Amino acid sequence: ALLLLAFGLRLYQVRELALPAWVDSVHHALLVRVAIEQGGAPLSLLPYLPVEQLPYHWGYHVLSAASAQIAQVGLPEAMLWQGQALNALHVLACAALAARLWRSPWAGLIAGLVVGTFSIMPAYYASWGRYTQLTGLLLLPPLAICWGALLATRRPRHAVEVALLLAGLNLVHFRVLILALALLAVQMLLYLLQPFFHREEREEREGKFFLSYSVFSRSALILPICAAAGAMLLTAPWLWLLVQRRLAPIAAGTQSLASGDAYGALSLGLLWAGHNRTLFALALLGALWGLGRRSSPALALVLWAGTMLTLANPQLLTYLLPLAAAPLAVSMITRGRPLLALLAVPLLLCNPLLITLNSSWLITNDIVVISLFVPASALIGYLAVQAGAALQVRLPARLAALGPRPLAAAAVFATLALAAWGAYDMREVINTDTVLAFESDRAALAWIDNNTPADARFLIGAAPWLSTGRGVDGGWWITPLTGRWMSTPPVLYDFGAAPYVAETAARNRAVIDAAASGRADEIEALIVRDRISHIYLSSRSGALASIFADRSRYPALYTQGDVTILAVRP
């Protein structure tokens with residue numbers, strides 16, 4: 001019932017979108033179009049953009065291309081409907097993770113309730129068109145479940161599952177892969193340290209214990225290593241491309257992993273969006289409850305969240321390492337082992353007074369914040385189960401005498417009532433500021449596709465966005481939906497050759513500056529230089545529209561709603 005409610009809610013949330021929203025959707029659409037036309041991974045964007053050997057994750061795009069062809073629907077519909085279906089499936093994935101961690105179906109039910117109807121994430125992903133990260137995070141819970149099963153049972157079939165999921169996640173979203181590897185590392189660490197927490201083993205003689213632990217650890221690592229090797233083998237061509245296009249320039253010093261302060265900064269508005277204050281408080285309470293009861297899954301989720309935050313803020317290490325080293329050094333000295341205490345010295349030197357670690361554009365605070373719904377929902381599911389068990393113990397005798405069935409029915413009713421309330425509250429989640437295209441744009445794009453030559457070249461409005469610039473209206477969808485050239489291409493142009501990137505960025509700046517100041521001569525020079533044949537204007541074009549008031553030079557070919565398409569006369 002929760003899953004069906006989430007599906008209905010997600011479709012309702014995008015009911016008014018003519019095209020997927022914001023910046024990411026535009027280049028996702030181009031990649032899906034290329035995948036459909038080429039019948040494979042969109043590694044080359046020719047003839048639309050002069051970009052080849054594109055090092056951009058493409059797993060979501062081939063999935064959407066296949067879905068669009070099988071369902072025989074248009075590209076925008078495939079992206080919107082499938083995107084919302086993937087969004088709703090997070091209810092199932094997060095419920096499965098919580099149920100597996102706590103061995104409680106009720107924990108899974110509450111986690112699904114949180115993700116489906118109360119948490120603003122991942123529902124808000126539709127406002128960004130962030131479908132690739134959405135798909136990657138959908139693979140994360142089953143990967144963690146299979147990894148845990150592999151560690152616990154050491155069965156080869158679980159190694160195969162892990163290899164396939166790791167390989168798929170590598171193709172879908174590399175950032176989420178890094179977050180997933182952090183979780184797998186935490187799970188592995190806690191699993192390998194299990195013998196240290198068994199009282200019987202701590203009572204053994206020290207030498208015998210460490211000998212047995214050494215044998216244990218070697219055998220425990222064989223299948224996980226095989227799974228990781230299998231994933232690397234399955235995606236070896238893709239990994240080699242990433243090495244060539246991403247790692248090699250960084251090693252050569254032509255590119256850097258460091259990010260600017262603005263790009264990696266934490267957005268408080270995003271952190272506290274929707275019901276996040278309440279949900280994070282409940283998750284923290286669940287974490288403290290679990291840690292108080294020495295729950296290994298709770299410790300794993302806390303360590304995972306801390307690792308993600310540290311990846312986004314490496315400078316935290318310069319505080320954490322000395323804090324961990326100081327008590328270690330004191331302990332070794334008091335035990336009469338000063339030589340072992342010297343091992344803590346390098347960690348003590350890793351302090352903020354001596355070392356500065358820059359944040360990376362690869363993992364940012366915003367990436368982490370919009371992914372926290374996964375551990376938070378699991379911790380809230382645990383808190384709900386523990387609180388329910390505590391309340392059941394304290395039930396009055398008359399209620400307890402009713403037995404478990406009426407109580408379970410009441411819990412189900414309360415859960416569904418909460419879900420209905422949450423769904424009503426979350427029905428309007430799309431940020432209208434990120435909506436660039438409307439029905440008038442959709443109609444204009446259809447007209448362009450049917451009434452302009454394939455080699456038509458369009459001038460469209462542009463606005464600042466990061467270092468690339470972006471379109472301001474539905475004209476930005478001209479290339480993905482019609483294949484025609486446009487003055488501000490999808491941001492993936494940034495992966496092209498340096499001269500092409502510089503030329504395109506300069507054109508975008510020229511359009512932005514000229515439109516802001518009304519300098520018609522610069523726009524006219526741009527039209528001649530870039531052989532512009534058509535101009536796309538809308539109510540969102542701003543001052544750009546005033547430059548083309550002379551209809552003798554720029555006659556209108558199409559006017560519908562707030563969209564006007566002009567021709568350029570020689």
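Which residue has its backbone oxygen 2.8 Å from a polar atom of the side chain of Gln13? The first point takes up this matter; please bear in mind throughout that the model is predicted.

1. The residue in question is Met426: its backbone oxygen lies 2.8 Å from a polar atom of the Gln13 side chain. Gln13 itself belongs to helix H1, which covers residues 2-13. Gln13 counts as buried because its relative accessibility is 4%, and the cut-off for that class is under 20%. Leaving aside residues up to four places away in sequence, Gln13 touches Gln84, Ala123, Met426, Arg427, Val429 and Ile430.

2. Another member, Leu357, is located in the loop between helix H20 (345-349) and helix H21 (365-369). With a relative accessibility of 32%, Leu357 is therefore classed as partly exposed.

3. The model also contains an open sheet of 5 strands, with mixed pairing and the order E4-E1-E5-E7-E6. Its edges are strand E4 (485-486) and strand E6 (556-560), each of which pairs on one side only. Strand E6 pairs with strand E7 (residues 563-567) in the antiparallel sense, over 4 bridges. Within E7, Val563 is the bridge partner of Gln560.

Key. Residues are numbered from 1 along each chain as its sequence is written. This is a predicted model: local features need pLDDT of at least 70, side-chain atom pairs count only at pLDDT 80 or more; totals for chains, interfaces and linings use all residues. Side-chain values use heavy atoms; hydrogens and water are left out. Two strands pair if DSSP finds at least two bridges between them. Helices (H or I, at least four residues) and strands (E, at least two) are DSSP runs, numbered from the N terminus. Buried means under 20% relative accessible area, exposed over 50%, partly exposed in between (1.4 Å probe, protein chains only). A polar contact is a pair of N or O atoms within 3.5 Å; within protein, one must be able to donate a hydrogen and the other to accept it, and residues adjacent in sequence count only if both atoms are side-chain atoms. Contact means heavy atoms within 4.5 Å.
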